[in-house]
Amino acid sequence: MKNAICTFCGNVCDDIEFDGTVGKNLCPIGEAKFAAKRRMEAPTIEGEKVSYEEAIERAAEILVNAKRPLLYGWASTVNEAIKLGVILAEKLGGIYDQCSSVCHAPSTLAMIEEGIPGGTLGQAKNRADVIVFWGCNPVEAHPRHPSRYSVMARGFLTKGRQYRHIVVVDVRKTATAYLATEFYQIKPGYDFAVFTALRSIVNGHEDAVPDEVGGLSKEKLKELADVLMDGKYGVIFYGLGLTHSRGQDRNVECIVKLVQTLNRQTRYILQPMRGHFNVVGAGAVAAWEAGYEYAIDFSRGYPRFSPSEFTAVEALLRKDCDAALIVASDPAAHFPKKAVERLAEIPVIQIDPHPNVTTLLADIVIPSAIVGIEAEGTVYRMDGIPLRVKKLRETEYWSDYQILRLMLDKVIQMKGE
Amino acid sequence: MIEVIVITGRTTDQGMTIDEKLSNDYMKAVCYCEMNERDMSVIGVNEGDRVKIKTEFGEVVLYAKKAVTKDLELPEGVVFIPMGPYANQVVGKSNGSGTPQYKGIKGYVEATQEDVKPVEELIRVVK
């Protein structure tokens with residue numbers, strides 16, 4: 001099949017050719033995604049194989065009997081399944097949280113405060129003559145980003161690499177830094193200070209900038225500010241270097257302000273480098289349904305958003321949840337140790353195509369079809385563009401949607417609503 | 001023992017093995033820490049030797065890997081661990097944002113003879 005869609009990273013490349021076993025046009029990570037690998041054979045309860053119906057019935061019982069279940073994951077499934085997850089969290093009086101909460105959620109907080117001067121990857125490809133990668137490393141995390149959308153992309157108005165100035169700012173010289181026209185190495189945790197210095201220079205107040213900020217000399221900062229201001233159409237891509245470092249959401253607020261300042265003299269957009277292929281959907285669908293993107297508690301019957309209480313990590317650390325449904329994610333591999341310890345204490349139901357670290361903790365495991373290969377649906381690319389991912393081969397595995405549809409029906413039946 | 005700043009992040013190998021987390025390939029992709037060559041010589045380790053990283057949140061044993069790129073290394077005093085269950089032994093709290101600070105954690109690194117645990121064992125200890 002031509003024009004298949006790769007369901008790994010936020011690039012959501014839509015030019016894949018797949019013959020049922022081998023894919024073309026894939027990056028190394030995409031190739032691994034499409035390659036055959038170990039699957040779970042059947043649904044299990046405490047390691048015993050059972051039918052889908054039995055596993056789902058037992059899972060629904062656990063969730064209905066929990067005081068405040070945590071429903072977490074969602075970034076690697078389709079919007080149709082995510083919608084059921086949000087409704088399920090509401091019916092159960094539980095917490096809906098998604099992978100952003102260990103990733104780009106500080107960006108959401110910043111955008112609540114500041115808005116986002118956003119655009120699409122198409123604008124980066126077709127128009128950008130200055131491209132900045134700040135605290136992100138697409139060569140390793142989004143391997144086809146440079147060729148499809150940014151560095152080497154041949155766009156309508158900007159025809160290729162030689163017409164673009166590429167800036168990489170990071171605390172270490174990453175593989176992406178080798179694509180740069182200029183690499184700026186800053187000290188870990190100094191992003192906010194460097195943005196502030198750049199804003200001062202762009203605003204005409206370079207006299208307020210000290211001789212060195214965050215490892216960059218004033219001369220270097222002025223050089224970088226000039227590069228930014230000289231761009232006719234600039235795009236700043238940023239990554240977890242901002243959201244995972246000291247300052248977190250404040251770092252993102254400050255880069256938004258830098259982009260706003262640049263927009264007074266030229267045209268700039270800002271784009272977070274989102275990780276999983278539908279992590280944008282995991283936030284957007286929850287926002288349609290409940291008004292918030294993540295860390296949503298339904299225990300009072302209406303949605304409440306409080307990231308310092310209701311993100312999965314915080315709810316686990318505070319022991320504020322007593323069961324967990326984990327869908328299309330692996331928190332045991334990606335949460336701090338203390339949060340994983342709490343996850344190990346409570347009943348865990350997992351829905352995932354592949355055995356992972358969370359499987360080692362899970363009481364009920366429900367294997368699912370691989371989205372984009374064995375199951376279809378709608379996903380949002382990192383810039384919010386909706387794409388319909390396809391079913392490329394038949395499977396015996398149920399899709400996330402089928403599993404959650406039956407689980408929701410069972411929960412409604414058990415609660416007598 | 002030297003003081004370091006711990007950063008974590010994605011790598012291509014971590015991404016390629018993400019759907020096979022119970023495999024040796026995944027373990028290999030996430031159970032090391034990149035260090036500056038000079039820091040390695042200060043604590044007396046070579047590539048492939050084991051090091052223990054300690055932070056206020058926990059400790060973990062990893063294989064040391066020299067972070068040498070073409071002309072610029074990982075800065076002295078900074079170590080990089082690929083995201084995953086090993087990095088998570090030493091990462092921290094969220095400071096109110098709800099998102100843990102996975103980068104920029106103060107820690108210490110020393111040479112050790114202790115074993116690097118397999119993923120299953122890290123989780124068995126938890127469970």
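**A tour of two chains**

Modeller: Let us begin with surface: chain B exposes about 5,400 Å², and carbon and sulfur atoms supply 45% of that area. Accessible areas come from the Shrake-Rupley method with a 1.4 Å probe, and for residues only the protein chains shown count as cover. This is a predicted model, where local features need pLDDT of at least 70, side-chain atom pairs count only at pLDDT 80 or more, and totals for chains, interfaces and linings use all residues. Residues are numbered from 1 along each chain as its sequence is written, chains are lettered from A and ligands numbered from 1 in the order in which they are written, and side-chain values use heavy atoms, leaving out hydrogens and water.

Biologist: What pattern does chain B follow along the sequence?

Modeller: Chain B has 4 helices and 6 strands. Helices (H or I, at least four residues) and strands (E, at least two) are DSSP runs, numbered from the N terminus. Read along the sequence, the pattern of chain B is β-α-α-β-α-β-β-β-β-α.

Biologist: What radius of gyration does chain B have?

Modeller: The C-alpha atoms of chain B fill a box of roughly 35 × 35 × 30 Å along the principal axes. The radius of gyration is taken over C-alpha atoms, and the globule rule is 2.2 Å times the number of residues to the power 0.38. For 127 residues a compact globule would have a value near 14 Å, which agrees with the radius of gyration of chain B, 14 Å.

Biologist: How much area do chain B and chain A bury between them?

Modeller: Contact means heavy atoms within 4.5 Å, and 45 residues of chain B are in contact with 56 residues of chain A. In chain B, the residues losing the most area to chain A are B:R10, B:D19 and B:L22, together 15% of what that side buries. Buried area is the accessible area (1.4 Å probe) that two parts lose on being put together, summed over both. With 62% of it on carbon and sulfur atoms, the area that the two chains bury is about 4,200 Å².

Biologist: How many residues does the largest nonpolar core have?

Modeller: A nonpolar core is a set of buried Ala, Val, Leu, Ile, Met, Phe, Trp, Tyr and Cys residues joined through side-chain atoms within 4.5 Å. Buried means under 20% relative accessible area, exposed over 50%, and partly exposed in between (1.4 Å probe, protein chains only). In the largest core, A:F335, B:I53, B:Y86 and B:V109 have the most contacts inside it, and the core's residues number 65.

Biologist: Is A:P272 buried or exposed?

Modeller: A:P272 lies in strand β13 (residues 267-272) of chain A. Leaving aside neighbours within four places in sequence, A:P272 is in contact with A:H104, A:M111, A:I116, A:Y238 and A:M382. Its relative accessible area is 7%, so A:P272 is buried.

Biologist: What is the phi of A:A328?

Modeller: A:A328 is found in the loop between β16 (324-327) and α15 (331-334) of chain A. With a relative accessible area of 8%, A:A328 is buried. Its phi is positive, in a residue other than glycine, and is near 55°.

Biologist: And where is A:Q248 found?

Modeller: A:Q248 is not a glycine, yet has a positive phi of about 40°. A:Q248 is buried, with a relative accessible area of 4%. As for its place in chain A, A:Q248 is in the loop between α10 (240-243) and α11 (249-262).
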